[in-house]
Amino acid sequence: MTEKVEEGVWQDVPSPFCGIASDDLTVSVKGQKVSVLENGDAYTASGFETPVTDKAPRVNGKVVTLAVAVEHTARLINNSKQTVISGLATDLNGARAAMALADKSRATIDHMNSVESFKNTLVLQDTGWMNTTLSEVKNRVDMLLIVGSDIEAGFPRFFERIIWPEDTLFGQDIESRDVIYLGKGPSGRASTSPEGKKAEVMLCDDADLPEVLSILRALVAGRAINAVDIGGIAVTDLARLAARLKAAKYSVVTWAASMLDFDHAEVSVQMVCEMVKDLNTKTRSSGLPLGGKDGEVTVNQVAVWQSGYPMRTNFNRGYPDYDPYLSDSLRMLKDDEVDTLLWVSSFDIERKAPASKAVTVVIGRSGMSFDSEPAVFIPVGIPGIDHSGRAFRSDGVVSLPLRQLRNSGLPSTFDVLSAIEKAL
Amino acid sequence: MLMKLTGGRVYDPAHGINGIVRDIYVDDGWIVDPPTDGKVLQEVDLRGKVVMAGAIDMHTHIGGGKVNIARTMLPEDHAADVVARTELMRSGCGHAAPSTLTAGYQICRNGLYGRL
């Protein structure tokens, strides 16, 4: 649990920025300035250390009080025929307030990372999967197969915290763990074991990955393959990989949807998930989709339990109506179907509203700048820094409490969205 | 048979013990005072371990992580059973795995977690 060890220094601070919610940070707070002293990484450091600048809301570029900004936003939404509430980089209570507002204002909800997260969601909705949690992987994995992803580029501490921990619950020798990349190779050395055992790499282009995965699944199922090589990988090498997956006691197949940057990657994710299910007839295997940044897991969890559906749901008819194609906010904005866009982005000042013809209201992390000034800008505090809260981790079912580390006077996303809902 | 459980970190909310490292003496299934002569027949080393009373994990399956996975898997089930927003109640949906608010309203309405 987060503890203040001396004046201005907090230990065991969880990071809402890193997706896998590393919770062992040591953070110092001097006035408004936050610095990560221990266990930071690129995402965490920038997340904690980006300074507060603007504190005053603006309407059409002019500084106003929060009450005026809220009133103005409520009026915009009341007069709007097709409101989209998106971005939604926030924590649990921010998500709850967004859902309440969407329900009352008959808006469409989406998240800034939906293009990526739907590569996983569509699979869960179609044929399901057998996935596991980070804690189980840490304690049990004997073979880690990494599909189409350079994990450490997006999750710098994944290997250190999950694959090469100091202790595991069942006393497994972590040097016996095998790490294999299929598709992309690693950009750094995080996948090398503490004693220098390097990961194995089987490279292929994204364009060939879907077929490589199909062949791998077929080999696991014992089918005869006529092809000799696929995308530069020898089928005999894939056959050896299939045999090792079948011999492993707890293989884990992992991927980051954000790195499967090709059309209909959900079909490849499904292929992997079906292969994992096949493996479970004789041994144990689990999938591990990695994500969880910018509140994407939190907001999808809240949306699912409150409405039944994940993102890309609209309340136009007074009840939740889910359509991942029609209610794709990026498509809607591109096709000029949106008159008002309410963009929530409280973690990363670089995650800005997409450019469009919609009147745009930004509820954004203080410090955000704009190419084109939005109709309304309300600077807000960051969950886990400026206010306490809760965030869900990449593996979904685990949530972590976030603490308030400084007094910036900035309102929370929950405060602002609730005020807008009241003013409607 | 007198047994000593040595050096565990004890959590016993019923007696206000919150993480104290101490010994516990057990005799024929009962927790007893330390023996006056200090003699025990069996000692169990619990240093570095946590000692708690058995607990009952009271919980429901309305808003938990696994039911949420179920909800995510059932979009067609929800679509057949939508619940519109009213002046007092939020919208929702669902039959096999209703949304939480809908489930809550149903429980209040007729004390049952199920369809009307």
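**Entry 1**

I began with A:Arg106, which sits in the loop between α3 and β8 of chain A. I am working on a predicted model, in which local features need pLDDT of at least 70, side-chain atom pairs count only at pLDDT 80 or more, and totals for chains, interfaces and linings use all residues. Residues are numbered from 1 along each chain as its sequence is written, while chains are lettered from A and ligands numbered from 1 in the order in which they are written. Helices (H or I, at least four residues) and strands (E, at least two) are DSSP runs, numbered from the N terminus.

I looked up the backbone of A:Arg106 and found a positive phi of about 60 degrees, although the residue is not a glycine. I noted the cut-offs: a residue is buried if 20 or more other C-beta atoms lie within 10 Å of its own, exposed if 12 or fewer, and partly exposed in between, with C-beta atoms placed from the backbone.

I then checked A:Leu88, which lies in strand β7 of chain A. Its phi is near 55 degrees, a positive value in a residue other than glycine. A:Leu88 has 33 other C-beta atoms within 10 Å, so it is buried.

**Entry 1: helix α3 of chain A**

Helix α3 of chain A covers residues 92–105, and its 14 residues should span 20 Å at 1.5 Å a residue; the end C-alpha atoms are 20 Å apart, which agrees. The expected span is 1.5 Å times one less than the number of residues.

How many of the 14 residues of α3(A) are buried? Eleven are, so the helix is largely enclosed by the rest of the structure. Among the buried residues I listed A:Leu92, A:Gly94, A:Met99, A:Leu101 and A:Asp103. The cover over them includes β7 (83–89), β8 (108–109), α11 (296–307), β18 (340–345), β21 (389–392) and α13 (413–423) of chain A. Contact here means that the C-beta atoms of two residues, placed from the backbone, lie within 7 Å.

One of the covering strands, β21(A), pairs with β22 (residues 399–402) of chain A in the antiparallel sense over four bridges. Two strands pair if DSSP finds at least two bridges between them. Strands of a sheet pair through backbone hydrogen bonds, either parallel or antiparallel. I found A:Leu400 in β22(A) as the bridge partner of A:Ala391. The hairpin has six residues between the strands, and in it A:Gly396 takes a positive phi near 85 degrees.

**Entry 2: a parallel sheet**

I traced an open sheet of five strands in chain A, with the order β11-β10-β9-β14-β15 and parallel pairing. Which are the edge strands? They are β11 (200–203) and β15 (284–290) of chain A, each pairing on one side only. Neighbouring strands are turned by 20 degrees against each other on average, direction ignored. Axes are lines fitted to C-alpha atoms, for helices over the stretch in contact, and angles run from 0 to 180 degrees between N-to-C directions.

Inside the sheet, five bridges join β9 (residues 143–147) to β10 (residues 178–183) of chain A. There A:Leu145 stands opposite A:Ile180 in β10(A).

Helix α9 (residues 235–247) of chain A lies across β9, β10, β11, β14 (250–256) and β15, running at about 135 degrees to β9(A). Helix α10(A) also packs on the sheet, touching β9, β14 and β15 of chain A, and makes about 155 degrees with the direction of β15(A).

I picked A:Lys277 in α10 (residues 265–279) of chain A. A:Lys277 has 15 other C-beta atoms within 10 Å and is therefore partly exposed. Its C-alpha atom is 6.5 Å from that of A:Met130, 147 residues apart along the chain.

**Entry 3: domains**

I read the domain bounds, which come from an automatic or database domain assignment. Chain A is given domain 1 (3–47), domain 2 (51–113 + 294–423) and domain 3 (118–291). The C-alpha centres of domains 2 and 3 of chain A lie 34 Å apart. Their contact takes eight residues from domain 2 and seven residues from domain 3.
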